[in-house]
Amino acid sequence: MCGIFCVYNYQGDVAKYRQRALELSKQIRHRGPDWSGCIVADNHIICHERLAIVGIDTGAQPLTNDDESLILTVNGEIYNHKKLEGQLKQPTAFKTHSDCEVILHTYNEIGTDVCAKLDGMFSWALLDRRSEKARLVAARDPIGITTLYIGRVSAHPETVYIASELKSLNEECDQIDEFPPGHFFDSEDGQFHRYFKPDWWEAERIPTAPVDYRQLRESLTTAVRKRLMAEVPYGVLLSGGLDSSLISSIAVREAARISATAQSDAEDIDTRSARYFPRMHSFSVGLPGAPDLLAARKVAKFLKTAHHEFTYTVQEGLDAVSDVIFHLETYDVTTVRASTPMYLLSRRIKSTGVKMVLSGEGSDEVFGGYLYFHYAPNPDEFHKECVTRVHNLHTSDCLRANKSTMAWGLEARVPFLDKDFLQVAMNVQPQDKLCSKDLMEKAIIRRAFDVDFPEAGFTPEEIAKGPYLPHDVLWRQKEQFSDGVGYSWIDSLKESADAKVSDDDMANAKARFPFDTPDTKEAYLYRKLFEQHFPQKACLSSVQRWVPRTDWGCSADPSGRAQKIHNSTTH
């Protein structure tokens, strides 16, 4: 992934403003440290900060067609680029080996319909100068795996700013909004248009299809296989929990299978990475003796990965919190807690030369994996909460996974949020996803990969390959990432906040923060740090706080340990 910044319809001397645009784009250079590009066309400026993953020899951006009537800047990965290239009707000479160039040529043929055809994670902005009045089209991937913002200046409402992160806009715009996932923006009418319209998107529609364990397993396997597309060293984030362990196991199997066969020109999936780098690297982080470190070590030994285990001290974590909030651009307690170890880990990973990792975000939302789902009053409400959580992933886990890693120029890919996999998983009747004191959360996906579960539909050939994971790992209870890195981590964050925020501060919290007033000392501290980095009022509109369903009778503290059900369920 990369960083993008553009200004459409600038009112003023655009030649003089070019330097200012470069400075604003530089604010997100951590996302793309490999190269920078800038094109000024009429009164429009398009910038790009590149992290080279695919097409590393020729993929510099912005991308253009031959006469530069179309100019494109992209942050993302397009997993079906080979398929889309084969569907082009006009003879097309590609200038690069980038997977993103196909967006330009497909848009040239079918316009904004290109958005729905893309399979990947992406944010992009395209300047179309083929008509007398230039047109800006910008789009964000269906779930919001990549981050994107849109800004305006009230004195010149006809000008539109687009950027991967808030920090490129906060000093320039007095209106900043998060770009909605699954939409494209069109300057012709100044509106957002939803292009992602799966049948499961409306929470009130309750699915009735019973689970097909084999279909579930195969669709997730395909999702992982798609994401083994790179020309650089890559690996997996391995916490030792179910989600990351499962993704790691599938990735190891698929990489081995791919490296043992020849790349077929007829294959729609780009599988170069597994041929260049067949040995899988895994990475874990935690305080010394953390539950995740011990579990990850066991999984890595089972999978035979090249495992890298990193530790940090509580003080190192506390020292990083302010920087984490700067990169995250949020003050949400849950996100800050979990992002700090991920931020520290990403720095260590980048130092090894790895530039891309697979991660397990999204599973808890899709399958109701958070412990508070045990308190769902009925199957329908369980399903509605799953849909709502998927809708809001862009404000929490996707934001964390994207910005914690991209702070160091490391790309995270999330197979559980593959749109084809979501189409399968979100259409399973909620009765098959329920958890209870007698059935562990996410039993549905555990069973799909459990070779000892008769209904999983394994063939004799699959069974002969052995289990995907050790049984106790496959059935390990959910730990919030901020818990799993070491239970003392959250306790230390609370203690640090107690020491820095007084009772008087809390008594006057409403006066100081009238909007979205913090209700704990920890929340107060993060809000204070956020406003030190982003003092502009416009920066508040994109922040949302993650809290469990207290109306279901569970704790408002997002830590999994705060839920009474912790360590009390079985399978």
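Me: Start with E329. Is E329 buried or exposed?
Reply: E329 counts as buried, because its relative accessibility is 1% and the cut-off for buried is under 20%. Keep in mind that this is a predicted model.

Me: Where does E329 lie?
Reply: E329 is in the loop between helix 9 and helix 10.

Me: What about phi of E329?
Reply: Phi is near 65° there, a positive value in a residue other than glycine. D42 also has a positive phi, about 55°, although D42 is not a glycine.

Me: And where is the place of D42?
Reply: D42 sits in the loop between strand 2 (35–41) and strand 3.

Me: While on backbone geometry, which peptide bond is cis, with omega near 5°?
Reply: The bond from Q61 to P62. P62 belongs to the loop that runs between strand 3 (44–50) and strand 4 (63–64).

Me: Back to the helices. How do the axes of helix 9 and helix 19 cross?
Reply: Helix 9 (residues 314–328) and helix 19 (residues 487–500) have axes that come within 10 Å and cross at roughly 55°. The two are therefore oblique to each other, and the crossing is right-handed.

Me: Change of topic, helix 12. How far apart are the end C-alpha atoms?
Reply: They are 19 Å apart. Helix 12 (residues 379–391) has 13 residues, so at 1.5 Å a residue the helix should span 18 Å, which agrees.

Me: Which residues of helix 12 are buried, and what do they pack against?
Reply: F382, H383, E385, C386, V387, R389 and V390 are buried. The buried residues of helix 12 pack against helix 11 (363–367).

Me: What is at the start of helix 12?
Reply: A side-chain oxygen of N378, which reaches to within 3.2 Å of the backbone nitrogen of D380.

Me: Now R217. Buried or exposed?
Reply: R217 is buried, with a relative accessible area of 1%. The residue lies in helix 5 (residues 213–226).

Me: What does R217 touch?
Reply: Beyond residues up to four places away in sequence, R217 touches A448, F449, A456, G457, F458, E462 and Y468.

Me: Last one, T159. Where is it, and is T159 buried or exposed?
Reply: T159 is in strand 9 (residues 156–163). T159 is buried, at a relative accessible area of 2%.

Me: What is T159 in contact with?
Reply: Leaving aside neighbours within four places in sequence, V7, Y8, N9, Y10, Q11, G151 and R152. With N9 there is a polar approach: the backbone oxygen of N9 lies 2.7 Å from a polar atom of the T159 side chain.

Note on methods
Residues numbered from 1 in each chain as written. Predicted model: local features only at pLDDT ≥ 70, side-chain atom pairs only at ≥ 80, totals over all residues. Heavy atoms only, no water. Helix = DSSP H or I, 4+ residues; strand = E, 2+ residues; numbered from the N terminus. Expected span 1.5 Å × (residues − 1). Buried < 20%, exposed > 50% of the residue type's maximum accessible area, 1.4 Å probe, protein only. Contact = heavy atoms within 4.5 Å. Polar contact = N/O pair within 3.5 Å; in protein donor to acceptor, adjacent residues only side chain to side chain. Axes fitted to C-alpha atoms, helices over the stretch in contact; angles between N-to-C directions. Parallel < 35°, antiparallel > 145°, perpendicular 65-115°, else oblique. Left-handed = near helix turned anticlockwise from the far one by under 90°.
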